[in-house]
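Reader: Before I rely on any label attached to this structure, I would like to see each one set against its cut-off. Could you take me through them?

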Amino acid sequence: MADKSFLTDIKTLRERARKHIEQGAITEGYKGDRETVVKILNEALATEIVCVLRYKRHYFMASGINAESVAQEFLQHANEEQQHADQIAARIVQLKGEPNFNPDGLTTRSHAEYVEGENLVDMIKEDLVAERIAIDSYREMISYLGNDDPTTRRMMEGILAMEEEHADDLVSLLEEMGA
Ligand SMILES: [Fe+2]
Ligand SMILES: [Fe+2]
């Protein structure tokens with residue numbers, strides 16, 4: 001028979017779940033350092049918001065210079081970054097934290113930067129740099145989370161995969177433009 005002694009017995013699990021029910025999804029078995037997890041999630045939230053703003057700026061500027069296909073790519077990325085921001089904010093609340101949407105200090109909390117870019121190629125390059133920053137910092141968050149908070153880790157893994165797709169899209173755009 002397999003050794004299952006590392007599992008908590010059902011009676012203890014049931015008793016623990018009844019205590020502190022106001023904590024919602026946060027049970028006694030939650031292994032994460034909640035404050036740190038909320039803090040790094042707020043940095044990821046700021047990163048996503050800055051990325052939304054930058055992609056929106058690029059979308060409207062590219063539309064103005066008749067670069068429709070590139071503009072559409074910027075818009076799609078802006079919308080996806082917005083979805084990431086919403087997912088992250090929802091998780092912060094689930095962890096009994098508060099999502100920081102304060103515009104003061106936003107660019108300091110964000111890992112990625114807000115750069116407007118002089119022309120289309122500049123814009124794409126700046127977006128690519130920002131994606132690469134997000135990719136590195138999210139990868140770090142994921143390894144920090146490890147098995148202590150698998151839900152947050154899985155969410156960040158999903159977001160990371162999309163940032164990698166974004167970076168890939170931008171490289172293709174640069175290649176198409178011969179830049
Ligand atoms: Fe994102
Ligand atoms: Fe992205």
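Author: What follows is a set of questions about labels, each answered from a value and a definition. This is a predicted model, in which local features need pLDDT of at least 70 and side-chain atom pairs count only at pLDDT 80 or more, while totals for chains, interfaces and linings use all residues. Residues are numbered from 1 along each chain as its sequence is written, and side-chain values use heavy atoms, with hydrogens and water left out.

Reader: What makes the contact between Arg91 and Asp149 a salt bridge?

Author: A salt bridge requires a side-chain nitrogen of Lys or Arg within 4 Å of a carboxyl oxygen of Asp or Glu. The side chains of Arg91 and Asp149 meet at 3.1 Å, N to O, so the pair qualifies.

Reader: Are Arg91 and Asp149 buried or exposed?

Author: Both Arg91 and Asp149 are buried, a word that stands for under 20% relative accessible area, with exposed meaning over 50% and partly exposed in between (1.4 Å probe, protein chains only).

Reader: Why are Arg57 and Glu116 called partly exposed?

Author: Arg57 has a relative accessible area of 27% and Glu116 one of 36%, so each value falls in the range between buried and exposed. Their side chains also meet in a salt bridge, at 3.5 Å from N to O. Since Arg57 belongs to helix α2 (residues 34–64) and Glu116 to the loop between α4 and α5 (120–145), the pair ties together parts that are 59 residues apart in sequence.

Reader: How do you know that Asp168 is exposed?

Author: The relative accessible area of Asp168 is 51%, which lies over the 50% limit, so the residue counts as exposed. Asp168 lies in helix α6 (residues 150–176), and together with Glu165, Glu175 and Glu176 it gathers in a patch of negative charge on the surface.

Reader: Why is helix α1 said to lie largely in the open?

Author: Helix α1 (residues 10–18) has nine residues and the number buried is zero, so the helix lies largely in the open. After α1 comes His20, whose phi is positive, near 50°.

Key: Chains lettered and ligands numbered in written order. Helix = DSSP H or I, 4+ residues; strand = E, 2+ residues; numbered from the N terminus. Patch = residues over 30% accessible without salt bridge, like charges linked within 9 Å, V, L, I, M, F, W, Y side chains within 5 Å. Areas by Shrake-Rupley, 256 points an atom, 1.4 Å probe, with all protein chains shown as cover. Lys, Arg positive; Asp, Glu negative; His and termini not counted. Charge placed at Lys NZ, Arg CZ, Asp CG, Glu CD.
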